[in-house]
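Try each task before reading its solution.

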Amino acid sequence: MSFVEVSADSDFPIQNLPYGIFRRSGASEAPRAGVAIGDCVLDLSVISDAGLLPARLHESRIFHQSTLNAFMALGRPVWRETRAVLTRLLSKEEPTLRDNAELRSRALIPMSAVEMLLPAQIGDYTDFYASKEHATNVGIMFRGAANALQPNWTWLPVGYHGRSSSVVVSGTPVRRPKGQLKADDASPEPPVHGVSRLVDFEVEVGFFVGGAGNAMGEPISIADAEQHIFGIVLLNDWSARDVQRWEYVPLGPFGAKNWATTISPWIVTLEALEPFRVPGPAQTPAPLEYLADSDPGSYDLALTTDLQSEKMTKPQQISLTNFKFMYWSMKQQLTHHTVTGCPMRAGDLLGSGTISGPTQDSLGSMLEISWKGSRSITMAETGEERKFLADGDTVIMRGSCVGDGYKIGFGECAGKLLPAHK
């Protein structure tokens, strides 16, 4: 328990303590690091200046920096030590911060008074395609049931390189893209340049790489992979399906995916998620030796997606899925990413790929929910129908792990779709 008041339904109890970068709303002050506790942000720069953190963190002024990259690079022993110190400082039994009214007033800032920023300088961004249900659904739509999964899919985590420059923090509006469009692959008509009509969301979880990184030419083993995972965020990989349909052969998505990716602002650590660790789905055939992992590699993390049009007064839930459905784990994704010797750096972001479950209500994209536009969902409040996203729609993703009397949450991963430029 914390001396800071935390409501029963809060995403941020003392068991969580996720990291983020913030500044006071409307203030001309430098961004800095904080952790979430209840409805407050604990300003780590203030705690550091008070000499309450390990000496190396205080001396380096690491939490005064505008990104978490340097802290991410320090590795799991430092992350664990810092978490233990923060947990002690915020506990109701510890008087150091609890009984110092002046320090407490400077260190604890209401969340309603801050602006959240990207938590890291993202050097590289890779997105995977690691949900078997999602890959099967998409394969059936475009290739038929007999060829739903490509021959390599059950042997390796399929991925592609995205654009870190278009990763934005929750609350940032995104604009409907334009691109090359072709009505039908069999049509003799040439493609045209136009506004994407089939804009979609994708429910994903992203993880940030941490630790010292691997040297070029030196892969990360499956046994060491978790030492290189700092923590996770919610991720919406916005997609233009009509652009994607024309461009994706032979090298996969390009412009259809490079225009916007939204992440939640708080990075939840693996230590906070540890009580919710579960095995992933059975993998058949057995992975090759470098990907074989006998330890549970997933988490029981429920993921909801709400949609709110400009006519609606409140959002409507349209998807409820779970991270535990992912076929390829984060450890396997990171290991495969580096098997060639690709160097990873603190602050790199890896996306899980769309997370879909086995039922209609657990699908992680409008492409699947509408089954390629063949069916609609109805907004109960207004009667509006959706096959894909309309201008003005806001997509809101949330995630939580439910424990005994508490939950580990992420806050919102939200974005509003603006009309294309004329």
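Arg-176 is buried, because its relative accessible area is 9%, under the 20% cut-off. Keep in mind that the model is predicted.

**Exercise 1.** Find the salt-bridge partner of Arg-176 and state where the two residues sit.

Solution. Step one: the side chain of Arg-176 meets that of Asp-391, with N to O at 2.6 Å. Step two: Arg-176 is in the loop between strand 9 (174-175) and strand 10 (178-181). Asp-391 is in the loop between strand 24 (385-386) and strand 25 (394-402). The pair links distant parts of the chain, 215 residues apart. Step three: Asp-391 has a relative accessible area of 36%, so Asp-391 is partly exposed.

**Exercise 2.** Classify both members of the salt bridge between Asp-306 and Arg-398 as buried, partly exposed or exposed.

Solution. Step one: N to O is 3.1 Å in this pair. Step two: Asp-306 lies in strand 20 (residues 302-308) and Arg-398 in strand 25, 92 residues apart. Step three: Asp-306 is at 9% relative accessibility, so Asp-306 counts as buried. Arg-398 is at 31%, so Arg-398 is partly exposed.

**Exercise 3.** Which parts does the salt bridge between Asp-43 and Arg-32 tie together?

Solution. Step one: the closest N and O atoms of Asp-43 and Arg-32 are 2.7 Å apart. Step two: Asp-43 is in strand 3 (residues 40-43) and Arg-32 in strand 2 (residues 32-37), so the bridge ties together parts 11 residues apart in sequence. Step three: both Asp-43 and Arg-32 are buried.

**Exercise 4.** How many disulfides does the structure hold?

Solution. Apply the cut-off: two cysteine sulfur atoms within 2.5 Å. The count is 0.

Notes:
Residues numbered from 1 in each chain as written. Predicted model: local features only at pLDDT ≥ 70, side-chain atom pairs only at ≥ 80, totals over all residues. Heavy atoms only, no water. Salt bridge = Lys/Arg side-chain N within 4 Å of Asp/Glu carboxyl O. Helix = DSSP H or I, 4+ residues; strand = E, 2+ residues; numbered from the N terminus. Buried < 20%, exposed > 50% of the residue type's maximum accessible area, 1.4 Å probe, protein only.
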